[in-house]
Amino acid sequence: MPENDKNLSCEKKELFSKTDVESLKKAFKTHVTYSLAKDEYSATKLDAFMAIANVVRDHLIERWLKTQQAYYDEDAKRVYYLSLEFLMGRSLGNSLVNLDLLDECYQAIHELGYSMEELRELEWDAGLGNGGLGRLAACFLDSMATMGIPGYGYGIRYEYGIFFQKLIDGYQVETPDNWLRHGNPWEFARPERLFRVKFNGRVNQYRDENCRLRSEWIDTEDVMAMAYDMPIPGYGNKTVNNLRLWAAKSTRAFDLKFFNSGDYIGAVQHKNDSENISRVLYPSDQVKVGKELRLKQQYFFVAASLQDIIRRYKKTHTNFNSFPTKVAMQLNDTHPAIAIPELMRILMDEEKIGWDRAWDITIQSIAYTNHTVLPEALEKWPVELMEKLFPRHMQIIYEINHRFLEEVKVKYPGDTERLSRMSVIEENNGRMVRMANLAIIGSHTINGVAALHSNILKESVFKDFYELTPEKFQNKTNGITQRRWLKKANPGLSGLISDQIGDKWITDLKELKKIEPLADDESFRKEWQKIKKANKETLITYVTEKIGVDLDINSMFCAQVKRMHEYKRQLLNVLNVITMYNRIKDNPKAEFVPRTVLFGGKSAPAYFMAKLIIKLMNSVADMINFDPDCEGKLKVMFLSNYNVSLAEIIIPATDLSEQISTAGMEASGTGNMKFSLNGALTIGTLDGANVEIMEEVGEDNIFIFGLKAPEVEKLQATGYDPMEYYNGNEDLKRVIDMIADGFFSHSSPNLFKPIRDTLLYHGDKYFLLADYADYVNCQERVNAEYKNVDSWTRKSIINVANMGKFSSDRTIADYAKDIWRVKPVPIK
């Protein structure tokens, strides 16, 4: 390199590595000029965001490169987290927190004449997930980087995310989430990392030079997978791990023959068909082509990821003897379960390894996390579709199943019903491939995500498998990263805590226990209350600007914000809201603890009942919010397009967290942890991680109601008649009749009758009526407690102080020790 170029390179490196305010300002101006080709007159606020994002990115890059090289130098065992979702949220604020550049960048941007808050609002949430599954994956990546664990995320770079939720006349309307419209400053395209992914075709069998029977998958329809990398910085260290996302690219981008003949659509048809694979998260599977596209997505990212994992492994190894000691793959639910036959196919067909050795390598390298106990949510795919798309994989799946069932026969001779339940192939109601069974058989470890959930897996959902191989089953209670969900989302509260006990809690959440004695300190409680009020003001400002509605800052803010699903029982909350409304109307002059009820969450586009419940929420809100009798007493809001950034506004402002799923049906939940970490009290059932939260904070500091999981199971077995509850409770009957008779839908009186029907005539599958009375009574206990400000604040402080268990750092440490058997690699 010429001397002048060397000097320039050193100057750039020095400029982009300094963290003082003046250097940050200089780097910002440099990026405006040389990265964006703008000057002080033409630069927009979006340019300013891009410039500061590039400044922060510069501080990541050297660490990123050194991290990856250190993993090679150490020949470290790497963790590969395969997930169809990564709900990352915005990256600027999180990177500033983890790099410890927040204060300096804020000052630099202010001195340059911009508002950092305004610039941060210009960043779109990365559209890579929907609910808790994706957010958990994002928290895990943050914890792995912070703990120095060699970890990689693998997923799909969805061009349009899941969808952008709008409300039109109270109905959810899905529009494209064009999160990449202005580009993504945090990603690096890697066109050299391009892998071929096959579909369809046929299997050709032949004899190799040693007369061994071999198989090859030929005459396939191919798509290319191109890598995009996002750096994942750890907190307080030099580690920057990698999230690699795959975008689908056509093998034939443009067909000139079609174009020249005038068929302009045909000229790009293959390109569009191929690239549809990475367009949208969870395309509707109500139609055949949508179902096929979903399955293609799952194989697409798994196949590309495995090729990349093996490429990396082969850089330092000449055979597969060490593969399980250098590679740990974690399947985040069943979506990546096809990794099991795909790895077998690669090892046998391409690497020429025999079945027994290939199976040992596969099973020692893969572990499976289950996230659901709902039978309908355990993925199954039609055998016919699987054989069409993956003919070779189905041969392997049949062989895996045959060998496994032979083992089962030995232990349970003559038990044909058990064989039927444990088979990968379901023979009833059309032949289906059970992906959960495949994941269990092909993994060395299976874990649930909360103690109750893991017990249900062992005692019910996967009982047969647990009885066969109990040593394979573990529990790993979920967690959340305190860096995003307290330090970043709630700077007022995190600052107060650090002033009192120091900042070790940022990497050791159990340090929060030290604030528990301060619950009896009056001055500390006053500061705690001031911060909650300030957070409420932030949410009120958001609602006023976005929706034009004023909220009462002195009311109790109650939030239920999560993916819309009937088992999460947002409808039960609505029934209570209507009950409160009726009580106000019956006695407008009675004392009433003021409430603001906040809903948020997306429904799957084809989920009729969940979308109808969203409409009901908004219709009830319209009735209540414009009724003068409710003024100052009750307000209801549905906040549209719920995402990570909106959660960071809602959660710190919330007084009461609604975690009211049917007991035994929520695997864990992590929203419950986020709210508790920010000082909200929980009203909930003994479901998922609520059980463990109660154990940590104490029964006096949480509001528990409803049937327990064994009681739900018993009621199901003995016969549950929702009409008994309907006829036996006048308040409940009145509420359901109002919904069914058009009280909230005057222009369409029958609109909400399907909700009445599902509760009364279709079995009330999620036991809303059985839990209604106890829920309403529990809400009265909440009201009584909220009147006592000091007592409520004490409970709030105690909740935060006892959240140490629920850090994703603890969860990842458990995975690393018990499942992955991987050690940290410090980056010098």
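Okay, let's start with a salt bridge: E292 pairs with K388, and the closest N and O atoms sit 2.9 Å apart. E292 belongs to helix 10, residues 288-314, while K388 belongs to helix 14, residues 383-389, so this pair ties together parts that are 96 residues apart in sequence. In general, side chains of opposite charge can pair when their charged atoms come close. Across the structure there are 61 salt bridges. And before I go on, please keep in mind that this is a predicted model.

Next up, helix packing. Two packed helices get described by the angle between their axes and the distance between those axes.

Take helix 22, residues 522-547, and helix 25, residues 644-653. Their axes come within 8 Å and cross at roughly 140°. As for handedness, helix 22 passes helix 25 in a left-handed crossing. Who's touching whom? On the helix 22 side you've got K532, N535, K536, T538, L539 and Y542, and they meet L646, I649, I650, I651, P652 and A653 of helix 25. Sort the residues of that contact by class and you get eight nonpolar, two polar and two charged.

Now the second pair: helix 23, residues 570-586, against helix 32, residues 768-787. These two pack at an angle of about 55°, and their axes are 10 Å apart. So helix 23 is oblique to helix 32 as well. Here the crossing is right-handed. Helix 23 brings L571, L572, N573, L575, N576, T579 and R583 to the contact, and helix 32 brings L768, Y772, Y775, V776, Q779 and E780. By class, that's seven nonpolar, four polar and two charged residues.

If you've got the structure up, look for an open sheet of six strands, with parallel pairing and the order 19-18-17-20-21-22. Which strands are at the edges? Those are strand 19, at 634-638, and strand 22, at 703-704, each of which pairs on one side only. Further in, strand 20, residues 656-659, runs parallel to strand 21, residues 681-684, and four bridges join them. To find your place there, look for S657, which stands opposite T682 in strand 21. Then there's helix 33, residues 789-801, which packs on this sheet and touches strand 20, strand 21 and strand 22. The direction of helix 33 makes about 85° with that of strand 21.

Okay, that's my tour. Over to you.

Definitions and conventions:
Residues are numbered from 1 along each chain as its sequence is written. This is a predicted model: local features need pLDDT of at least 70, side-chain atom pairs count only at pLDDT 80 or more; totals for chains, interfaces and linings use all residues. Side-chain values use heavy atoms; hydrogens and water are left out. Axes are lines fitted to C-alpha atoms, for helices over the stretch in contact, and angles run from 0 to 180 degrees between N-to-C directions. A crossing is left-handed if the near helix is turned anticlockwise from the far one by less than a right angle, and right-handed if clockwise. Contact means heavy atoms within 4.5 Å. Ala, Val, Leu, Ile, Met, Phe, Trp, Tyr, Cys and Pro count as nonpolar, Asp, Glu, Lys and Arg as charged, and the others, Gly among them, as polar. Angles under 35 degrees count as roughly parallel, over 145 as roughly antiparallel, 65 to 115 as roughly perpendicular and the rest as oblique. Two strands pair if DSSP finds at least two bridges between them. A salt bridge is a side-chain nitrogen of Lys or Arg within 4 Å of a carboxyl oxygen of Asp or Glu.
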